[in-house]
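Please look through the model below before reading the notes.

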Amino acid sequence: MWRALASNMLTVLAVGLFLLAGVILWGKSQYVAEGPLENAICLQVKSGSNMTRVSRDLEAAGAVSSGALFRIGARYSEKAPQLKAGSYLVKEGASMEGIIDQITRGGASTCGTEIVYRIGVNKLQVEVRELDPTTEQFVELVEFDPSAGEAPEIYAEKRDQRDTRYRLALAEGVTSWQVVEGLKAWDVLSGEVSQLPAEGMLAPDSYEVQQGENRDEILAEMQEKQTLRINAAWEARQGDLPIETREELLILASIIEKETGVPEERGQVASVFVNRLERGMRLQTDPTVIYGVTKGQGVLGRGLRQSELRKVTPWNTYVIDGLPPTPIANPGLASLEAAANPDTTNFVFFVADGTGGHAFAETLEEHNRNVAKWREIEAQQQGN
């Protein structure tokens, strides 16, 4: 009898273990399988939250099939204590495993509100925007000039939210003075700027920053990136350029940057200046004259006067030979590459063509015709 009872118990135990193994395998397959979410959502994990609250939110949004299984997976993967506050873009079909990895990995928000602070050549601009999880496109909430008065209420509201992200956008062609003044004016940052960075040594780009981040540290990151760009452009340069140092490459790139905003023109503009340097011709470029007037501290805001075109300054390329002694702005990567590898042309002149671009010429006669056309366009624009 005892032998039969023991046999039956072993059978029950074996069946139980078999069923348990099946449940475990099913649970694991559900944990790693594609989830039921049909449209992406922005999951908000508040400070002090836990996996129980998160699982309930996910269940309510239709992102997981079982909150209990989600919690068990978080516990057995030993990731439950690593939960980070933030806003997370959970994409359609995301697995439980993927969601847990996302909300415990680093705490960096991937959706929700982003404040973009733009330092441009002509103005500062702040944009408050939110990511639409369905389209994965940003929707603008408000845009304003921070120097024009009190900021909108929504800016202060979103700025004080824990999961708001911050981005600094630096335009190509801004001066180092403009960058420093812009950073000083942004109330999200901290610390004093210890010194004005050298002109041209800040990389125009988009930078993710943290609330309270030190201004000097941000400037150091910009300088490090620009140094890498300059070195890369220098190493990849053409072998017969009339420039001898990285500094001269940077100066030339800054002039190219200020002369054209048309990407496909940069190589041609670069070729004009290279051809002039090779022929011993003065560069005769207005942006260098403007820099001699403003020293990079703001925008001139008017046309150049004849007296300014004739005035001797270290940057006035109408009266000095060769390149000016310093860059006149912070050039972007494309202008550095154009300076290092200009197009091969015989152009030595260019003038605005009325479309936002330029008309290029090999001879003075051809250039004078282009100038006459531009004067006609200017007269028509003024008449309208």
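The numbered points below start with the basis of the model and go on to helices, strands and loops.

1. Basis. This is a predicted model, in which local features need pLDDT of at least 70 and side-chain atom pairs count only at pLDDT 80 or more, while totals for chains, interfaces and linings use all residues. Residues are numbered from 1 along each chain as its sequence is written, and side-chain values use heavy atoms, with hydrogens and water left out.

2. H9 and H12. Helices (H or I, at least four residues) and strands (E, at least two) are DSSP runs numbered from the N terminus. The axes of H9 (residues 266–279) and H12 (residues 333–340) come within 8 Å and cross at roughly 45°. Axes here are lines fitted to C-alpha atoms, for helices over the stretch in contact, and angles run from 0 to 180 degrees between N-to-C directions. H9 is therefore oblique to H12; angles under 35 degrees count as roughly parallel, over 145 as roughly antiparallel, 65 to 115 as roughly perpendicular and the rest as oblique. The crossing of H9 and H12 is right-handed, a term for the near helix being turned clockwise from the far one by less than a right angle, with anticlockwise giving left-handed.

3. Residues between H9 and H12. On the H9 side, Arg266, Gly267 and Ala270 meet Ala334, Ser335, Ala338 and Ala339 of H12, where contact means heavy atoms within 4.5 Å. The contact of H9 with H12 consists of four nonpolar, two polar and one charged residues. In this classing, Ala, Val, Leu, Ile, Met, Phe, Trp, Tyr, Cys and Pro count as nonpolar, Asp, Glu, Lys and Arg as charged, and the others, Gly among them, as polar.

4. H8 and H12. The axes of H8 (residues 246–259) and H12 come within 8 Å, with a crossing angle of roughly 120°, so H8 and H12 are oblique to each other. Their crossing is right-handed. Leu249, Leu250, Leu252, Ala253, Ile256 and Glu257 of H8 meet Ser335, Leu336, Ala338, Ala339 and Ala340 of H12. Nine nonpolar residues, one polar and one charged make up the contact of H8 with H12.

5. H7 and H12. What is the orientation of H7 and H12 to each other? Their axes come within 9 Å and cross at roughly 25°, and the two helices are therefore roughly parallel. H7 passes H12 in a right-handed crossing. From H7, Gln226, Arg229, Ile230 and Ala233 meet Leu333, Leu336 and Ala340 in H12. The contact of H7 with H12 divides into five nonpolar residues, one polar and one charged.

6. H6. In H6 (residues 176–185), the buried residues are Ser176, Gln178, Val179, Val180, Gly182 and Leu183. Buried means under 20% relative accessible area, exposed over 50%, and partly exposed in between (1.4 Å probe, protein chains only). The buried residues of H6 pack against S3 (113–119), S4, S6 (165–170) and H7 (215–235).

7. Arg129. This residue lies in S4 (residues 124–132). Is Arg129 buried or exposed? Arg129 is buried, because its relative accessible area is 15%. The side chains of Arg129 and Glu114 are joined by a polar contact of 2.6 Å. A polar contact is a pair of N or O atoms within 3.5 Å; within protein, one must be able to donate a hydrogen and the other to accept it, and residues adjacent in sequence count only if both atoms are side-chain atoms. Not counting residues up to four places away in sequence, Arg129 touches residues including Gly112, Val116, Phe138 and Leu141.

8. Glu208. Glu208 belongs to S7 (residues 206–209) and is partly exposed, at a relative accessible area of 42%. Its side chain makes a polar contact of 3.3 Å with the side chain of Arg167. Leaving aside neighbours within four places in sequence, Glu208 is in contact with Tyr166, Arg167 and Glu213.

9. Positive phi values. Most residues other than glycine have a negative phi. Gln284, in the loop between H9 and H10 (286–294), has a positive phi near 50°. Lys295, in the loop between H10 and H11 (306–310), has a positive phi of about 55°. Gln284 is partly exposed, with a relative accessible area of 39%, and Lys295 is partly exposed, with 40%.
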